[in-house]
Amino acid sequence: MATLIVRQYKHSDFPAVKKLFIEGCQEHPSTTFYQALRLPHNWLLVILGFLLPLVTIGSILLAILDVVVVLVVLWLCGRKFFYSYAAHTLAGDMKDIPKYYLQREGYNFWVVESDGEFVGMVAATPSFLPGGEKNTELKRMCVIRSHRGKGIAKVLCRTVIEFARKKGCKAVVLSTTTVQTSATHMYRSVGFRCTHISYMTGFTERLVKLQWIYFRYDIPNSK
Ligand SMILES: CC(C)(COP(=O)(O)OP(=O)(O)OC[C@H]1O[C@@H](n2cnc3c(N)ncnc32)[C@H](O)[C@@H]1OP(=O)(O)O)[C@@H](O)C(=O)NCCC(=O)NCCS
């Protein structure tokens, strides 16, 4: 069995971490697109897009072209969200990981190696609820495709939970999107529970029904 080592991030990990993060984000537009295709309002758009040119100018070519345009727009909606999320994150907390995550109390960034090869990552930041409850937020969870389904994400979750427990936090919280079904299954199997789901506010996100889903793991015997 492969030996897993979870260790703190170091400078030389950046190319692998950045590549994995971008690849992780690029997986979701297609799932978002297939979800969008199952929504009744998008079916209506497709049917209208087909019928309008056919009925008004009698062009089957334009009718087909219209359907293609609607499908491309739906695909681009999911792509826009995840690509701008990746760009925003890379220009934000991941721009200088040591400065953001390794020099501040309550923050951390880990990578996991399997037989010496980089295979995944996770991060933690402090999170304070309105009542002042001190929690840890789990972020940047990703495992390379070839090593999925081997319990690596579970190990990373436990790393964050243990970190939060030592910091005296009551819970580990996180948010993800409902289209990230591998992640939502994984968090549930670790013991996280869904606290709520909220719609995203943008028009394009609503068109493809992108929703935030929030999870919480209550740390047993926390102070
Ligand atoms: C989500 C992700 C981190 C899971 O990593 P992983 O190492 O394959 O997960 P694990 O092997 O630790 O699986 C843990 C549990 O989740 C379940 N799980 C993982 N992927 C699943 C899937 N696609 N469908 C159903 N269950 C799944 C496993 O069955 C396991 O449950 P079990 O122990 O009860 O059998 C990985 O798929 C990934 O990197 N995805 C892309 C990036 C992403 O979405 N990150 C989440 C950001 S919030």
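Predicted model: local features only at pLDDT ≥ 70, side-chain atom pairs only at ≥ 80, totals over all residues.
**Ground rules.** I number residues from 1 along each chain as its sequence is written.

**Overall.** I counted elements first. The chain has 8 helices and 7 strands. I take these as DSSP runs numbered from the N terminus: helices are H or I with at least four residues, strands are E with at least two. I then boxed the C-alpha atoms along the principal axes and got roughly 70 × 40 × 35 Å. Of the 223 residues, 28% count as buried. My cut-offs use C-beta atoms placed from the backbone: buried means 20 or more others within 10 Å, exposed means 12 or fewer, and partly exposed lies in between.

**Ligand shell.** I looked up what surrounds the ligand and found 19 residues. R148, A153, S182, H185 and M186 are the closest. Two or more residues each come from β4 (134–143), α6 (152–166) and α7 (181–190). Which element gives the most to the shell? It is α7, with 5 residues. By class I get 7 nonpolar, 8 polar and 4 charged. Here Ala, Val, Leu, Ile, Met, Phe, Trp, Tyr, Cys and Pro are nonpolar, Asp, Glu, Lys and Arg are charged, and the others, Gly among them, are polar.

**Helix α3.** I checked its length. Helix α3 covers residues 40–57, which is 18 residues. From first C-alpha to last it reaches 26 Å, close to the 26 Å expected at 1.5 Å a residue. The expected span is 1.5 Å times one less than the number of residues. G58 follows α3, and its phi is positive, near 65°.

**Helix pair α1 and α4.** I looked at how α1 (residues 14–26) packs on α4 (residues 60–91). The angle is about 155°, and the axes are 9 Å apart. Axes are lines fitted to C-alpha atoms, for helices over the stretch in contact, and angles run from 0 to 180 degrees between N-to-C directions. That angle makes α1 roughly antiparallel to α4, the label for angles over 145 degrees. I note the crossing as right-handed, so the near helix is turned clockwise from the far one by less than a right angle.

**Positive phi outside glycine.** I found D115, with phi near 50°. D115 sits in the loop between β2 (108–114) and β3 (117–128). Is D115 buried or exposed? D115 is exposed, because it has 10 other C-beta atoms within 10 Å. R140 also has a positive phi, near 55°. R140 belongs to strand β4. With 23 C-beta neighbours inside 10 Å, R140 counts as buried.

**Two contacts across the sequence.** I picked V73, in helix α4. V73 has 16 C-beta neighbours inside 10 Å, so I log it as partly exposed. V73 and F33 are 40 residues apart along the chain, with 9.7 Å between their C-alpha atoms. Next I took Y217, in strand β7 (residues 211–218). Y217 is buried, with 21 other C-beta atoms within 10 Å. Y187 lies 30 residues from Y217 in sequence and 9.0 Å away in space, C-alpha to C-alpha.

Note on methods
Near = placed C-beta within 6 Å. Parallel < 35°, antiparallel > 145°, perpendicular 65-115°, else oblique.
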